[in-house]
Amino acid sequence: MITEMKSFTPSKTGCLYLVPTPIGNLDDMSVRAVKTLQKVDLIAAEDTRNTQKLLNHFDIHTKQISFHEHNTQQRLPELIAKLQEGLNLAQVSDAGMPSISDPGQELVAACVQKHITVVPLPGPNAALTALIASGIKPQPFYFYGFLPRKTKAQQEALQKLGQLEATFILYESPYRIKKTVAALSAFLSPQRQVALARELTKIHEAFLRGTLAQLEEYFASHEPRGEYVIIVQGRSLEPTAVEITAEQMCKEIEELVQTGKKPNLAIKTVAQKYQRSRQDVYNIYHGLEEKNE
Ligand code: SAM
């Protein structure tokens with residue numbers, strides 16, 4: 001049965017407010033976000049010390065309780081009980097929208113299950129902020145967040161993402177961005193258009209736009225700094241691969257190897273020339289897939 005949950009109808013239970021916070025620039029905190037944090041009984045924060053700085057800045061004196069990925073299961077019954085007692089809670093993450101690659105989803109699901117009103121506030125979010133300035137077709141888009149760290153799971157994710165017709169969005173830290181760009185460039189055509197948005201809303205905000213091959217080259221001589229959003233063009237807009245048989249590709253790789261190039265470099269050169277993913281050319285060269293192109 002479908003029940004309509006009206007956000008602003010008085011109820012005996014409390015209400016969970018989902019409050020986005022700035023992703024860098026404090027001026028992006030909305031008036032409504034400040035008022036909500038001031039008026040609720042308790043703030044469930046991913047990192048209370050971090051949120052305290054925000055609360056101090058906006059002269060908010062509401063108490064906090066920690067709520068993060070490592071104590072979610074333990075905290076859920078406690079937070080639900082408080083809401084059922086009639087307390088109003090706000091949930092915040094360290095930056096941006098709660099639940100988006102951040103804690104929150106389990107609490108929202110538990111509230112929905114218990115018929116507790118959930119009120120989302122609009123506000124800062126790194127993915128959408130990057131998308132609208134990327135220059136890449138914004139619709140349809142697919143938000144993925146962080147790629148899995150484990151090689152096999154990451155490769156499987158990249159295989160699937162590479163097939164998407166839609167633009168897709170990833171999150172990445174400065175420590176892994178080089179590796180992630182290299183992984184993307186191995187699984188997708190080197191000609192795919194990508195936009196990297198760095199340090200959004202901060203003083204060093206910058207966009208790097210180009211093909212995967214160009215970005216890989218860029219990172220060979222530039223050290224990554226700051227947090228990144230990666231916007232990748234969908235497959236439908238990729239330039240069509242240049243016609244060539246698998247035999248011809250293997251022959252060209254062999255020729256390059258005979259001139260002294262390392263096999264992986266030869267594979268990369270041929271993949272770029274024919275706008276194929278390095279992984280596909282690698283598989284063809286090493287006989288890991290049928291030579292039937
Ligand atoms: N909940 C957040 C949101 O709504 O965007 C995302 C939190 S997630 C833990 C952190 C990741 O978001 C970073 O590693 C980075 O990929 C992205 N991010 C957050 N702030 C950013 C910023 N100012 N500039 C670029 N990317 C950012």
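Working chat: one predicted chain

Q: Where does Thr211 lie?
A: Thr211 is in strand S9, residues 206-211. Helices (H or I, at least four residues) and strands (E, at least two) are DSSP runs, numbered from the N terminus.

Q: What kind of model is this, and how are residues numbered?
A: It is a predicted model, where local features need pLDDT of at least 70, side-chain atom pairs count only at pLDDT 80 or more, and totals for chains, interfaces and linings use all residues. Residues are numbered from 1 along each chain as its sequence is written, and side-chain values use heavy atoms, with hydrogens and water left out.

Q: Back to Thr211: buried or exposed?
A: Thr211 counts as buried, at 9% relative accessibility. Buried means under 20% relative accessible area, exposed over 50%, and partly exposed in between (1.4 Å probe, protein chains only).

Q: What does Thr211 touch?
A: Leaving out residues up to four places away in sequence, Thr211 touches Pro190, Gln191, Arg192 and Gln193. Contact means heavy atoms within 4.5 Å.

Q: And Ser173, where is that found?
A: Ser173 sits in the loop between strand S7 (167-172) and helix H7 (177-187). At 12% relative accessibility, Ser173 is buried. With residues up to four places away in sequence not counted, Ser173 touches Phe146, Gly226 and Glu227.

Q: You mentioned H7. Why is H7 largely enclosed by the rest of the structure?
A: Because eight of the 11 residues of H7 are buried. Among them are Ile177, Val181, Leu184 and Phe187.

Q: What do those buried residues pack against?
A: The buried residues of H7 pack against several elements, including helix H6 (151-163), S7, strand S8 (193-198) and helix H8 (212-221). Strand S10 (228-232) and helix H11 (278-285) are also among them.

Q: New topic. How many disulfides are there?
A: The count is zero. A disulfide is taken here as a pair of cysteine sulfur atoms within 2.5 Å.

Q: Which residues have a positive phi without being glycine?
A: Ser101 is one of them, at about 50 degrees. Ser101 is in the loop between strand S4 (89-92) and helix H4 (105-113). His115 is another, with phi about 60 degrees, and His115 lies in the loop between H4 and strand S5 (117-120).

Q: What share of contacts joins residues 24 or more positions apart?
A: Such pairs account for 69% of the contacts in the chain with a separation of 6 or more.
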